[in-house]
Amino acid sequence: MINGSHISSVEEHERKRLSKLRQLNLLDTPPSESFDRITRIASELFNLPIAAVSLTDENRQWFKSRVGIDHWEIPRSKACCGEVADLSRVVVIPDLLESPHYRDSPLAQSGIRFYAGAPLQTYDGYLLGAMCVLGNEPRSVTEHEISMLKDLAAMVMAQIELQHAFGRLDPLTGLSNSSKFIEDLEDRARDRAGVSCFALYIELIDIAEMHSLQRVLGPACLDDVAREAAMRLQLELGVGNVLYQVGPCQYAYILESAERCLEESEALAMALRLRQVLSSMPLGDAVLFVLCPMVGVAPFRLGENVPADILRTSHSACQAARDSEIGVSLFSSSLDEQHFRRFELINGFRHALEDVGQLQLVYQPRVSLATGRCVGAEALIRWQHPTLGSISPDEFISLIEHTAMVRPLTDWVLRHAIRQAAVWHRRGRVLQMSVNISAANLGEPDFSARLERYLAEQALPVGALELELTESALISNTRTAREALDVLVNAGIRLAIDDFGTGYSSLAYLQEVPADVVKIDRSFVAQIDQQARSQTLIKAMISMAQELGYHVVAEGVETQESYRILQALGCDEAQGYWMGRPMTAEAFDDWLAAR
């Protein structure tokens with residue numbers, strides 16, 4: 001088992017090595033004078049006819065540069081450069097014909113007798129190939145010559161790194177980019193593992209505001225500001241301290257002390273200093289906005305945190321800084337856990353839609369205050385996550401509504417609610433089913449047609465369904481939304497204004513929206529049995545809505561006294577724990593039978 005594990009590890013390392021080699025875009029590229037110059041120097045220094053920069057590919061040795069060789073590649077099998085890559089050290093073969101392994105190799109058969117090669121090794125330890133010299137006569141080497149060969153290999157790698165640096169520099173500011181940030185952290189971890197550091201993430205302008213500005217002023221509107229900010233930050237940090245450009249108008253800096261362990265207070269002080277540098281930066285007449293820079297600070301230990309995660313946590317702290325009065329924030333693990341939970345919920349909801357048993361509808365009764373009879377039910381979704389347990393609708397619905405899953409979410413609720421409403425309808429129970437939808441659903445071109453199809457499939461009269469929308473959804477000005485509302489109304493489906501009084505509350509929109517029902521939000525009803533002002537306010541809301549032709553429902557009725565007061569005020573219906581909590585369809589049937 002150990003041998004198998006070792007083989008797997010070797011294969012994985014080789015896969016990563018080849019990936020690194022191809023990532024550098026060196027294979028099968030045209031000759032380059034910068035590399036050819038080094039091979040010519042090698043040939044002259046060793047007084048040998050052949051020198052090459054040899055790259056070890058999967059099944060071949062390919063020559064990026066060569067002197068004294070006519071062909072561009074040879075098989076990797078029994079190629080001396082392959083041994084350099086495998087052993088990660090200088091390989092010297094004084095006479096190939098005297099070597100049991102190489103005497104029958106293609107090199108030896110072509111007349112090559114001497115070989116010396118030094119490894120071409122990347123900063124993160126991957127072997128690309130060898131800087132090699134070859135001769136037609138047996139030969140030995142001195143320690144000085146081996147040292148020279150290593151220096152030549154280092155020159156080749158410096159040239160490779162220089163060429164690749166174009167992919168690690170921000171072209172606008174000239175600063176190292178996020179890839180270089182990660183590479184530098186990996187380098188530091190090798191040399192100073194365990195050392196405490198802080199990552200500072202600096203955001204010059206909020207990303208949403210930046211997109212708005214670019215839309216109005218053009219993509220280049222922030223270029224001058226980004227360059228000026230980079231220069232001022234670098235001047236403040238001083239020579240030898242590396243500033244990174246990790247995004248549009250976003251910078252990062254690694255704060256570390258070689259002498260001692262830094263305190264959080266020192267990191268925050270540095271963050272405040274850098275923020276002040278940006279806040280006081282003159283913008284000139286061409287830029288018509290106010291900078292509001294933010295700085296996030298994330299502590300970490302070299303080698304103990306993945307570099308990409310350091311960038312993420314410092315960025316998370318920067319986002320939290322927007323809620324801070326001083327514009328600087330230290331990374332919070334509890335806040336990070338909240339973000340991970342949000343991500344887990346969004347990702348998990350995709351599976352919940354397909355996994356039978358995770359999602360369930362419960363139904364809360366709506367009661368006529370005039371007769372005490374149950375006249376309807378609101379369908380409410382519940383989610384039992386397989387590992388996180390019961391998830392509150394207040395938590396997951398607000399997340400899903402801002403994703404593309406809002407369509408399948410509403411679709412799932414509609415199909416199941418309509419199916420249950422049809423069951424009750426066939427039993428002779430005259431109940432109106434209420435279902436919540438969002439503004440995003442109204443923007444779906446096929447929403448109305450899809451809804452009518454579901455009703456037809458279950459043979460449920462359109463009058464048995466009521467859709468609840470918030471005020472913001474009902475007054476949406478998008479043409480698609482307005483057309484969808486008109487189609488729903490013309491089809492005979494009732495619309496209800498949910499959470500009335502908590503949205504726009506200008507009341508003028510009540511003259512325009514095509515709704516039939518107003519549902520007074522529970523926040524108003526909660527105090528009705530304790531505060532005379534609440535009674536006065538609700539009385540005015542009921543009176544106004546009814547005079548405009550609306551049917552009024554009070555939500556959150558939790559006491560008998562609240563129920564009685566709403567009756568006295570002339571409210572049409574009530575919904576809340578006093579009458580019945582949300583319950584399964586079976587429990588709802590029992591509740592109806594008990595009444």
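Strand 20 and strand 21 pair in the parallel sense over 3 bridges, where two strands count as paired if DSSP finds at least two bridges between them. Helices (H or I, at least four residues) and strands (E, at least two) are DSSP runs, numbered from the N terminus. The model is predicted, and local features need pLDDT of at least 70, side-chain atom pairs count only at pLDDT 80 or more, while totals for chains, interfaces and linings use all residues. Residues are numbered from 1 along each chain as its sequence is written, and side-chain values use heavy atoms, with hydrogens and water left out.

**Strand pairing**

Strand 13 has two antiparallel pairings, one with strand 14 and one with strand 21. The table sets out the pairings.

| Strands | Sense | Bridges |
|---|---|---|
| strand 20 and strand 21 | parallel | 3 bridges |
| strand 13 and strand 14 | antiparallel | 9 bridges |
| strand 13 and strand 21 | antiparallel | 2 bridges |

In strand 14 (residues 374-385), I381 is the bridge partner of L361, and in strand 21 (residues 573-575), E573 is the bridge partner of S368. The hairpin of strand 13 and strand 14 has 5 residues between the strands, and G372 takes a positive phi near 80° there.

**Burial and cores**

A nonpolar core is a set of buried Ala, Val, Leu, Ile, Met, Phe, Trp, Tyr and Cys residues joined through side-chain atoms within 4.5 Å. The largest such core has 77 residues, and those with the most contacts inside it are L467 and L566. Its largest share, 8 residues, comes from helix 13 (residues 406-426).

**Two helices**

R341, R342, L345, I346 and F349 in helix 11 (residues 333-354) meet E395, F396, L399 and I400 in helix 12, where contact means heavy atoms within 4.5 Å.

Conventions. Axes are lines fitted to C-alpha atoms, for helices over the stretch in contact, and angles run from 0 to 180 degrees between N-to-C directions. Buried means under 20% relative accessible area, exposed over 50%, partly exposed in between (1.4 Å probe, protein chains only).
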